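Here is a friendly briefing to read alongside the coordinates. It moves from the chains to their interface, and then to a few individual residues.

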Amino acid sequence: MNHEKREPKIQRILVALDASPHSLAALRTAGELAQHFDADLLGLFVEDLNLLRLAGLPFIREIGIFSAQRRRLDGAAIERQIRVQARRAEQSFTVLVERTEIRGQFRVARGPVTTEVIAAASDADIVIVGKRGLTQPRGPRLGSTVRALIEETGGITMILQNGATLGFPLVVVYDETPLAEKALNVAVELIAREENGALTLLIVAPDKETCQRLQEKAGTITSNLPLTVRYRQLSKSTAKKVADRIQMEERGALILPGNPPLLEDKAVLSLLTKIEAPVLIVS
Amino acid sequence: MDNHNEHNKTRLSAAMLYQATDPNLFDFETTADLEELTDVVGQPRAVDAMEFGMGIQQQGYNIFALGPTGTGKQDVIRRFFEQEAESHAVPSDWCYVYNFKDRHKPKAIELPAGMGIEFRDDMDDLIENLETALASAFESEEYQTRRQTIMEEFKEKQSQAFEELQRQAQSQGTALIRTPAGLAVAPIRDGEVLSPEEVQELPEEEEKRLEEKVQEIQDELQDILKKVPSWQREMRERLNELNREMANFAIAGLLDELRETYADFPKVVEHLDAVQEDVVEHAEHFLTQNGQQNPLAQAMQGEAQQQKARSLRRYEVNVVIDNSESEGAPVVYEDNPTYQNLIGRVEHRAQMGALMTDFRLIKAGALHRANGGYLILDARKVLTQPYAWEALKRALQSKEIRIESLGQMLSLISTISLEPEAIPLNIKIALYGERMLYYLLWQLDPEFADLFKVQADFEDVMARDEEQQQIYARLIGSLAKRGELLPLDRGAVARVIERSARIAGDAEKLTTHARDLNDLLREAHFWAKKHARDVITAEDVQEAIDQQIHRADRVRERMQEAILRDTLLIDTDGEQVAQVNGLSVLQLGNFAFGKPTRITARTRLGKGEVVDIEREVELGGPIHSKGVLILSGFLGARYAQDTPLSLFASLVFEQSYGGIEGDSASAAELYALLSAIAEAPIKQSLAVTGSVNQHGQVQAIGGVNEKIEGFFDICQARGLTGEQGVLIPKSNVKHLMLREDVVAAVEAGDFHIHAVETVDEGIALLTAMPAGEPDEEGNYPEGSINYLVRQRLIELAEKRRAFSEDQKTGAETGAEKGKGEA
């Protein structure tokens with residue numbers, strides 16, 4: 001088998017945690033992946049510097065999400081709340097590690113979230129982040145964290161919402177870029193040990209010939225595997241059309257190459273925020 | 001000579017002691033040849049009453065069959081009811097269903113016989129189909145899409161508001177920041193919150209502006225957050241509306257079908273409407289929340305499943321009365337008429353330690369089962385069951401069956417309870433019981449007369465003429481057939497009839513106690529089988545009788561033994577003054593036997609008192625005392641018309657340690673008294689029974705056969721002398737059905753039965769002296785008993801006068817003496 005040669009080999013998985021249900025669900029999926037790849041799992045809780053700073057500004061009030069009541073922000077209270085969250089995250093992490101018997105390590109860092117996550121991501125093969133639900137406002141944090149991850153690290157970023165599991169068929173956006181090939185390889189890795197795995201390749205190319213060529217190329221990668229592979233050729237497509245196409249597919253996880261034209265498109269970004277299945281961005 | 005005549009006049013011939021039934025009266029070989037008897041035998045009055053009671057339909061004409069136990073009341077009632085019931089329509093089925101308006105008051109629905117079960121099955125099917133119909137409706141793409149749309153709309157509304165705010169915040173150099181417990185608006189630079197130092201470094205004006213902006217956005221954020229709950233509510237309402245719409249559409253078809261089937265029954269249709277409304281209202285209970293991964297929702301799944309099962313159970317139907325397999329009107333005999341068995345009950349089920357109930361746990365009572373037909377109850381049982389009688393009357397008065405929990409009524413348990421809708425009652429009830437019960441109820445319960453207007457009075461005995469004996473033979477045959485016994489031959493039938501007369505205690509009557517008759521037949525069958533016969537013969541019947549007696553006569557044997565061993569002193573020969581053999585009857589269970597008792601009298605000078613020692617020590621009952629008082633009435637009237645009765649007499653039953661009741665020994669007491677006064681000896685070879693009146697006539701008593709046999713047994717054991725016999729009242733002759741050995745002894749002249757009409761006849765027989773007729777002046781001839789009695793009484797009166805004059809003189813002398821001394 002050419003399995004040995006295949007890139008990337010997934011050995012370390014980083015999961016960024018806060019105490020929210022989403023991140024706990026992300027933790028579950030992370031555990032499954034760690035088992036799947038026999039990889040080390042690193043849990044990271046970031047004590048958000050921004051929050052600590054808030055308490056220092058006397059004119060800022062916290063408004064309760066359910067009660068809609070204004071409250072003074074008290075530095076000591078914020079510290080305490082953050083500690084509670086960290087402890088809860090750690091507990092969940094420990095329970096998971098003990099139950100699934102994976103190698104795990106939990107860490108608490110203090111600083112700006114993005115900086116800390118990127119710092120920790122440098123030696124991880126996959127970074128898993130939870131996505132906030134739509135009922136809660138999305139701060140700039142997550143978007144910027146994900147973007148920074150894609151731009152600044154050369155790994156796989158996995159965005160999870162509401163604890164969705166991988167699901168099949170995996171949908172891979174496949175174009176001429178090297179990242180697309182990496183994305184396909186990631187998909188194959190993910191599917192490798194599943195029975196009845198299925199894969200849908202959305203082949204994006206400027207013209208039909210390239211599409212055909214890419215399909216053949218993909219065929220050589222997938223041919224030896226017990227997979228059902230479906231091909232969708234999208235020639236002369238805009239990023240928006242790709243986004244529409246993705247939405248039409250019956251799908252499990254979505255795997256995207258982190259290429260600028262695609263990821264900078266508004267439609268694609270909007271899709272990413274709405275989509276319920278996990279999204280893996282390969283960069 | 002005179003005495004001899006007296007003997008012949010009163011002595012009964014053997015033929016008068018036993019009225020045998022001639023087997024040749026019957027023209028069958030065995031009872032197997034006889035046609036079965038379907039009519040009621042010997043109860044014309046009760047039968048008429050039953051026919052009347054069955055025919056009359058007005059309220060309150062329920063039947064009370066009164067009579068001693070064992071006269072077959074229950075059988076007769078049942079036979080009447082069953083005959084009548086055949087021609088009546090099968091009554092309706094009754095169901096209880098959930099009351100959607102008031103769940104504590106389940107509704108009753110009446111349906112034609114057989115439709116109750118159908119309705120139940122239809123509803124069960126409906127429940128099954130409901131689930132699938134609702135599931136497919138709620139799983140349909142249409143529903144899912146519309147639901148998603150509503151939810152999406154809400155989400156969009158919310159995120160739009162936040163996005164708008166976010167944008168606004170960003171344009172002002174601020175941002176929304178998630179805090180552990182809420183949201184905050186913070187000034188931002190390069191994606192990071194400004195530190196306090198950075199804020200301080202700002203020019204004052206700038207800082208103030210920043211503060212104002214933050215304030216402004218905070219206000220807006222608060223507004224938005226305040227609106228979220230109402231948006232959520234709106235979303236839920238719209239989702240509910242959608243659920244209702246889908247549910248209605250999904251199930252309307254199913255229910256329409258049922259409504260069509262049951263179009264003739266408005267109550268069913270009404271119920272179906274309510275079911276539909278309820279299903280639509282609670283459609284969410286049918287939704288299986290598969291899509292939800294929320295841990296709370298998962299935890300709630302179990303509860304939701306239970307809730308769903310509970311909701312579905314409400315649409316079930318509880319058929320309390322199912323007449324699908326009935327023919328004619330029901331005839332119900334309730335063996336155990338407790339309150340609950342009569343009017344039905346609501347059962348409870350323990351659930352998490354609490355007692356729960358619902359309409360499905362309503363159980364029918366005997367009144368429900370017999371509704372539209374007939375109910376037979378044992379009055380004694382109804383009366384001994386707490387509250388049963390009151391409940392029965394209430395149901396009859398209100399003409400409806402209302403199930404009320406006894407526990408609730410008495411506050412014994414406090415738990416959720418039901419008040420099921422009352423069911424109209426149309427029923428004919430027959431109670432049966434002893435006469436005493438009927439008369440007591442009549443007297444003590446004012447409502448009784450309104451509710452049980454028909455009294456069917458059952459006779460203990462029936463006439464024993466030739467025609468009746470033929471019918472009785474058929475009755476015996478029928479009983480044997482019904483009891484699957486061997487048939488009886490003619491001799492056996494005759495013997496059974498004779499026995500029946502003996503049980504009735506009257507040679508001219510037959511007992512109507514079916515139980516005694518049945519027992520005799522069954523036992524005769526047993527002996528016939530034992531002797532390997534294929535018909536029951538007279539010997540078998542006799543053996544059955546003998547064995548019955550043998551099993552019961554331990555006490556009699558002990559008594560006789562005591563007499564024969566002279567522990568109890570009874571003379572059966574010789575003569576004695578003031579001592580007579582009286583006869584009493586002891587009843588132990590259903591076995592009665594006679595026992596001779598020595599009665600003695602003592603007299604002395606007195607003021608005309610006859611003292612009953614039994615009465616003085618309270619061993620004698622009032623009737624016995626009455627008998628003794630009649631004696632003194634007789635004595636005074638006959639012998640002391642013109643002189644004071646200057647006698648004190650005491651009477652006693654020797655060696656009697658139990659109570660004595662009845663006046664059947666008053667003749668014997670009188671003879672003892674006359675003998676004592678006249679000092680004339682009485683033959684101890686004779687025993688006496690009979691009561692007397694103030695004119696000296698001897699009157700009938702009960703248990704004559706047992707009494708004669710009781711004395712005969714003693715005499716026979718000591719050896720019959722030919723002198724021995726018993727004096728019975730003449731009016732008891734028709735009751736004689738004596739044992740074969742007694743009859744044989746009389747026939748041989750070894751024993752005698754004398755039927756006497758007056759005291760004079762009796763005393764003449766006992767003393768072998770003439771009683772003596774008074775002449776025109778009221779004087780009795782010398783040498784007669786009456787003469788001796790009269791003379792003695794005159795003597796006593798004179799002695800008393802002399803004595804009281806003596807006393808008077810003595811008293812006067814004494815007084816003078818005292819004076820002088822003073």
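## Briefing on the two-chain model

In chain A, residues 24 or more positions apart account for 77% of the contacts (heavy atoms within 4.5 Å) with a separation of 6 or more. This is a predicted model, in which local features need pLDDT of at least 70, side-chain atom pairs count only at pLDDT 80 or more, and totals for chains, interfaces and linings use all residues. Residues are numbered from 1 along each chain as its sequence is written, chains are lettered from A and ligands numbered from 1 in the order in which they are written, and side-chain values use heavy atoms, with hydrogens and water left out.

**Chain A**

- Chain A has 10 helices and 12 strands, taken as DSSP runs numbered from the N terminus (helices H or I, at least four residues; strands E, at least two).
- Of its 283 residues, 55% count as buried; buried means under 20% relative accessible area, exposed over 50%, and partly exposed in between (1.4 Å probe, protein chains only).
- A:Gly219 sits in helix α7 (residues 208-222) of chain A and is buried, at 19% relative accessible area.
- From A:Gly219 to A:Val229 is 10 residues in sequence and 8.8 Å in space, C-alpha to C-alpha.

**Where the chains meet**

- On the chain B side, 36 residues are in contact with 32 residues of chain A.
- The area buried between the two chains is about 3200 Å², with carbon and sulfur atoms giving 60% of it; buried area is the accessible area (1.4 Å probe) that two parts lose on being put together, summed over both.
- Strand β3 (residues 61-64) of chain A pairs with β5(B) in the antiparallel sense over three bridges, where pairing requires that DSSP finds at least two bridges between the strands.
- Within that pairing, A:Ile63 has B:Leu183 as its bridge partner in β5(B).
- The count of salt bridges between chain B and chain A is one, where a salt bridge is a side-chain nitrogen of Lys or Arg within 4 Å of a carboxyl oxygen of Asp or Glu.
- That salt bridge joins the side chains of A:Arg70 and B:Asp219 at 2.0 Å, N to O.
- Among the elements giving two or more residues to the side of chain B that touches chain A are α5 (141-171), β5 (182-189) and α7 (204-261) of chain B.
- The most comes from α7(B), with 10 residues.

**Salt bridges within chain B**

- Over all chains, the structure holds 61 salt bridges.
- B:Arg146 pairs with B:Glu142 at 3.5 Å between the closest N and O atoms; the two are four residues apart in helix α5 of chain B, so about one helical turn separates them.
- Both ends of this pair are partly exposed, B:Arg146 at 29% and B:Glu142 at 47% relative accessibility.
- B:Arg495 and B:Glu498 form a salt bridge at 3.4 Å, N to O, and count as buried, at 17% and 8% relative accessibility.
- B:Arg790 forms a salt bridge with B:Asp642, the closest N and O atoms being 3.2 Å apart.
- B:Arg790 lies in helix α28 (residues 785-821) and B:Asp642 in the loop between α23 (622-639) and β24 (647-653) of chain B, so their pairing ties together parts 148 residues apart in sequence.
- In this pair, B:Arg790 is buried at 14%, whereas B:Asp642 is exposed at 58%.

**A buried loop arginine**

- B:Arg360 is in the loop between β11 (354-356) and β12 (362-363) of chain B and is buried, at 17% relative accessible area.
- Leaving aside neighbours within four places in sequence, B:Arg360 is in contact with B:Arg313, B:Glu316, B:Asn318 and B:Arg349.
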